[in-house]
Amino acid sequence: MEIRTVGVLGCGLMGSGIAQICAAAGYKTIVREVNEPVLERGLGRIRKFLDEGVSKGKVTEAARTATLGQLSGTTRFDEMAACDVVIEAIVEDLDEKRTTYAALESVAPEHTIVLSNTSSLCITELAAATRRPDRFGGLHFFSPVPLMRLVEVIRALTTSDETFQTTFAFAQSLGKEPISAPDRPGFIVNRLLVPYLLDAIRAYENGLGTLEDIDKGMKLGCGYPMGPFTLVDFVGLDTTYYIANIMFAEFREPAYAPPPLLKRMVLAGRLGRKSGRGFYSY
Ligand code: CAA
């Protein structure tokens with residue numbers, strides 16, 4: 001199947017990054033948001049990233065212009081009628097996703113493959129919420145999307161071989177390194193990353209060391225790009241808490257249980273970078 005036009009639903013942190021790399025790879029890309037101000041904020045994030053890339057000498061002026069030329073924003077669903085692949089990157093809420101898929105499928109052609117960037121919801125359950133469970137799958141990106149090379153490709157129980165192969169090749173065409181991950185909470189990366197982050201929080205609560213020392217230990221001792229508290233602030237405490245709860249509900253293993261401090265910080269609105277305060281202040 002030839003993919004020419006890609007739709008992206010949601011132009012938040014993940015959606016904007018996904019739309020940017022699709023446009024940069026040469027696909028005509030249409031990104032949809034719920035209203036103009038949110039859409040403009042997302043498109044602004046893309047322009048800023050490309051501008052900074054040009055200043056840093058990482059993106060050529062021609063590539064910046066070409067990427068923006070392939071990209072358009074909309075608040076309407078009917079523009080998705082032109083899309084061969086649609087990547088959904090909206091809020092992690094099953095009902096919201098169901099409503100969005102219904103609106104999408106009222107205009108999307110039969111052949112369109114629908115992919116969710118969910119980090120935690122069950123891909124088979126999402127596929128079952130559509131009229132195309134064989135042409136549905138998971139395509140999970142990592143933040144910041146334009147810089148992180150990995151993408152997880154997840155098959156629902158119902159995903160056809162053709163859809164999986166097309167999705168895998170599509171991920172490669174975006175300049176990413178795809179891996180095949182199972183439809184289990186956390187897929188591969190979060191299944192290992194989230195318990196590590198939770199463990200760091202538990203260890204901190206138990207007096208293992210200061211935030212700075214634990215971060216420095218893992219950064220300099222293991223060569224990680226960020227220590228666990230810098231990373232949890234970067235990912236979002238609410239996101240981490242949400243994923244942990246889903247993993248714990250499915251596996252019932254203590255390693256996935258969110259520590260009391262994480263829950264209280266989320267309740268207090270200390271969500272990390274995005275709220276100006278998490279384990280550190282920004
Ligand atoms: N355009 C183009 N390139 C850019 C750029 C831009 N606007 N901004 C930065 N870059 C390039 C830089 O030039 C640099 O390239 P080189 O390595 O070739 O020099 C590279 O990107 C790194 O940028 P910086 O030097 O500015 O920043 P850094 O070295 O501090 O790295 C980081 C930043 C990539 C975010 C790094 O800290 C990192 O990898 N952190 C970990 C991120 C991570 O773990 N993400 C996954 C989170 S989990 C998730 O997302 C899944 C989930 O479901 C929760």
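A polar contact is a pair of N or O atoms within 3.5 Å; within protein, one must be able to donate a hydrogen and the other to accept it, and residues adjacent in sequence count only if both atoms are side-chain atoms. In this predicted model, local features need pLDDT of at least 70 and side-chain atom pairs count only at pLDDT 80 or more, while totals for chains, interfaces and linings use all residues. Residues are numbered from 1 along each chain as its sequence is written, and side-chain values use heavy atoms, with hydrogens and water left out.

- An N or O atom in the side chain of Lys-58 is 2.6 Å from an oxygen atom of the ligand.
- A nitrogen atom of the ligand lies 3.2 Å from a polar side-chain atom of Lys-56, and a ligand nitrogen atom is 2.9 Å from a polar backbone atom of Phe-49.

**Shell around the ligand**
- The ligand is surrounded by 19 residues, each with a heavy atom within 4 Å of it, and the closest are Phe-49, Lys-58, His-140, Ser-143 and Asn-190.
- Domain 1 (5-181) and domain 2 (190-275) each give at least three residues to this shell, the domain bounds coming from an automatic or database domain assignment.

**Sheet**
- Strand 1 (residues 5-9) pairs with strand 2 (residues 28-32) in the parallel sense over 5 bridges, and Thr-5 has Lys-28 as its bridge partner in strand 2.

Notes:
Two strands pair if DSSP finds at least two bridges between them. Helices (H or I, at least four residues) and strands (E, at least two) are DSSP runs, numbered from the N terminus.
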